[in-house]
Amino acid sequence: MQALSEWFTELLADNTIFTAQTLGYYGSGLVTTVQLVFLSLIIGLVLAVPLAIGRSSQRRWIRTPIFLYTYVFRGTPLLIQLYLIYYGVVFFDGIQETWLWVLLEEPFVPALIAFTLNTAAYTTEIFRGAIKATPRGEIEAARAYGMSRRLMMRRIILPSAFRRALPAYGNEVIFMLHASAIASVVTIMDLTGAARFIYARYYAPFDAFLFVAAIYLCLTFAILYLFRYLEKRLLAHLKPLEQ
Amino acid sequence: MNRLLTLTMMGAAFAMTASASVQAQDDETVRFGVDVPYEPMEYRDADGNLTGFDIELGNALCEEIGIECEWVVQGWDGIIPGLQSRKYDAIMSSMTINDDRREQVLFSDPYITPPSAWFIPTDSEIDDVSEEGLDGFTIGVQRGTLQDNYATDMYGDVADINRYDTAEDLVLDMESQRADIAFLDFPVGKATLIDNEEYDYQVIGNMITEPKEYFGDGFGIAFRKRDEALAERFNEALETLRDNGTYDEIYDKYFSM
């Protein structure tokens with residue numbers, strides 16, 4: 001242990017880039033990235049459940065607006081959505097005088113809105129697919145028990161749809177983490193923002209970006225592990241029986 | 001070569017005494033390589049003539065030395081090879097002096113350090129750019145520029161620093177009041193904020209060119225390495241122009257409000 005810490009001190013002493021100050025930038029960048037991604041995923045998930053139910057509704061006036069929303073947000077690049085929300089809001093005259101400006105002045109909230117709307121659109125489509133793929137037998141059985149539509153949705157369709165959606169949703173989470181790297185274009189100092197700052201400061205693109213890539217890899221690994229655990233627990237009934 | 005050397009030594013001797021002007025033969029011409037446009041350092045005016053700070057200063061230097069100047073337009077990528085292959089005898093084209101280039105060429109003394117400046121909206125409540133004066137405000141800079149480094153180190157503890165990819169993004173956020181003050185290359189800020197009719201901005205505080213560790217050694221005239229004598233003559237002429245006010249005249253023409 002002692003040898004390890006000595007080795008580490010020596011390693012740090014030998015370079016000019018990874019000082020306490022720059023590691024501090026990476027640290028606060030990590031916090032910002034995790035906050036941004038976590039919050040947008042949670043809010044996006046909460047929005048996506050009713051939207052997915054509405055999206056698979058029989059009624060056209062419910063189905064169509066939700067389809068248009070997912071179509072627009074899946075059909076345009078996230079970077080453009082971020083630009084439009086961050087720079088677009090200021091074209092409403094007098095917005096600086098309203099209470100909204102307190103939220104929109106800092107780049108965090110506009111970025112959070114863009115990321116949330118984007119991930120909610122994708123998640124809605126993932127859930128819709130899962131809801132549609134509910135086996136007919138399960139629905140018929142529920143009907144035979146005399147369940148109302150609402151009860152059937154809550155007890156039968158949604159739980160089984162969530163399980164089916166899990167692997168695809170895990171991908172969406174990882175995509176979201178990586179997509180958050182564009183936050184630095186609107187001055188947010190997230191992980192990528194920190195790396196770009198250090199790159200520009202020390203003219204060391206390789207070191208700065210390699211280090212940040214390693215942090216992203218660690219985050220991705222944690223997400224993969226979490227979803228593998230969830231799949232193992234929630235999809236246990238789909239596993240082939242052990243011989 | 002010897003002739004040049006002798007001339008220079010004579011010139012140096014003259015300079016020590018009274019008049020710094022160095023007499024050269026009438027037929028001597030120095031050709032300058034220049035890359036245009038780079039406003040306000042070198043560009044073409046409405047009639048297509050070359051003009052700008054570099055051009056005017058270069059011509060004044062030649063006049064001081066008593067030789068003819070010619071300007072040869074050359075793209076930036078080939079500007080050092082062009083010097084070495086004798087397409088021209090010197091480069092005066094906003095070239096920052098640095099060690100990599102010193103391997104290839106011989107630099108004159110720096111003739112300008114491009115100034116940086118603070119820009120605020122005319123109705124801003126900021127009235128000085130000291131550390132206390134900017135306490136709690138948001139400073140906008142272009143990411144990775146020397147202004148970014150300077151602002152981060154000097155004001156990073158008291159003010160928020162917003163970093164933008166382009167000056168245009170920064171202007172947009174100044175307009176929407178997300179950023180309170182911009183710290184930019186003076187020519188860039190002048191072109192985007194001051195000269196633009198739509199906006200109402202002003203410079204606050206002095207032009208900033210110090211300290212050197214942030215703002216660099218400035219621009220130099222590049223010569224072939226063996227032309228030490230020629231470089232020396234330009235250094236002396238530069239010194240004279242700085243002393244007799246000609247330099248300030250040209251500087252004020254391009255870098256004052």
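Chain B and chain A bury about 1700 Å² between them, with 44% of that area on carbon and sulfur atoms, and the model in which they do so is a predicted one. Three arginines, Arg143(B), Arg163(B) and Arg178(B), supply 37% of the area that chain B buries against chain A, more than any other three residues.

**The interface between chain B and chain A**

- The contact draws on 18 residues from chain B and 19 residues from chain A.
- Between the two chains the count is 1 salt bridge, and this is the pairing of Asp165(B) with Arg196(A), in which the closest N and O atoms are 2.9 Å apart.
- Residue pairs in polar contact between chain B and chain A, with both residues at pLDDT 80 or more, number 7.
- On chain B, the helices α5 (146-155) and α6 (167-175) and the strand β9 (160-164) each supply at least two residues of the side that touches chain A.
- Sorted by class, the residues on that side of chain B are 9 charged, 6 polar and 3 nonpolar.

**Helix packing in chain B**

- Helix α2 (residues 53-65) and helix α9 (residues 228-244) of chain B have axes that come within 9 Å and cross at roughly 105°, and α2(B) and α9(B) are therefore roughly perpendicular to each other.
- From α2(B), the residues Leu57(B), Ala60(B), Leu61(B), Cys62(B), Glu64(B) and Ile65(B) take part in the contact, and they meet Arg233(B), Phe234(B), Ala237(B), Leu238(B), Thr240(B), Leu241(B) and Asn244(B) of α9(B).
- This contact of α2(B) with α9(B) is made up of 9 nonpolar, 2 polar and 2 charged residues.

**Helix packing in chain A**

- In chain A, the axes of helix α2 (residues 20-55) and helix α9 (residues 191-202) come within 7 Å and cross at roughly 155°, an angle that makes α2(A) roughly antiparallel to α9(A).
- On the α2(A) side the contact is made by Thr22(A), Tyr25(A), Tyr26(A), Gly29(A), Leu30(A) and Thr33(A), while α9(A) brings Leu191(A), Ala194(A), Ala195(A), Phe197(A), Ile198(A) and Tyr202(A).
- The residues of the contact of α2(A) with α9(A) include 9 that are nonpolar and 3 that are polar, with no charged residue among them.

**Salt bridges**

- Over all chains, the count comes to 14 salt bridges.
- One of these joins the side chains of Glu56(B) and Lys253(B), at 2.4 Å from N to O.
- Because Glu56(B) lies in helix α2 of chain B and Lys253(B) in helix α10 (residues 246-255) of chain B, the pair ties together parts that are 197 residues apart in sequence.

**Backbone features of chain B**

- Val36(B) and Pro37(B) are joined by a cis peptide bond with omega of about -5°, and Pro37(B) is found in the loop between β1 (29-34) and β2 (43-44) of chain B.
- The peptide bond from Glu210(B) to Pro211(B) is also cis, with omega near -5°, and Pro211(B) lies in the loop between β11 (201-208) and α8 (212-215) of chain B.
- Arg86(B), although it is not a glycine, has a positive phi of about 65°, and Arg86(B) lies in the loop between α3 (79-84) and β5 (90-91) of chain B.

How values were computed
Residues numbered from 1 in each chain as written. Chains lettered and ligands numbered in written order. Predicted model: local features only at pLDDT ≥ 70, side-chain atom pairs only at ≥ 80, totals over all residues. Heavy atoms only, no water. Contact = heavy atoms within 4.5 Å. Buried area = accessible area lost by both parts, 1.4 Å probe. Salt bridge = Lys/Arg side-chain N within 4 Å of Asp/Glu carboxyl O. Polar contact = N/O pair within 3.5 Å; in protein donor to acceptor, adjacent residues only side chain to side chain. Helix = DSSP H or I, 4+ residues; strand = E, 2+ residues; numbered from the N terminus. Nonpolar A, V, L, I, M, F, W, Y, C, P; charged D, E, K, R; others polar. Axes fitted to C-alpha atoms, helices over the stretch in contact; angles between N-to-C directions. Parallel < 35°, antiparallel > 145°, perpendicular 65-115°, else oblique.
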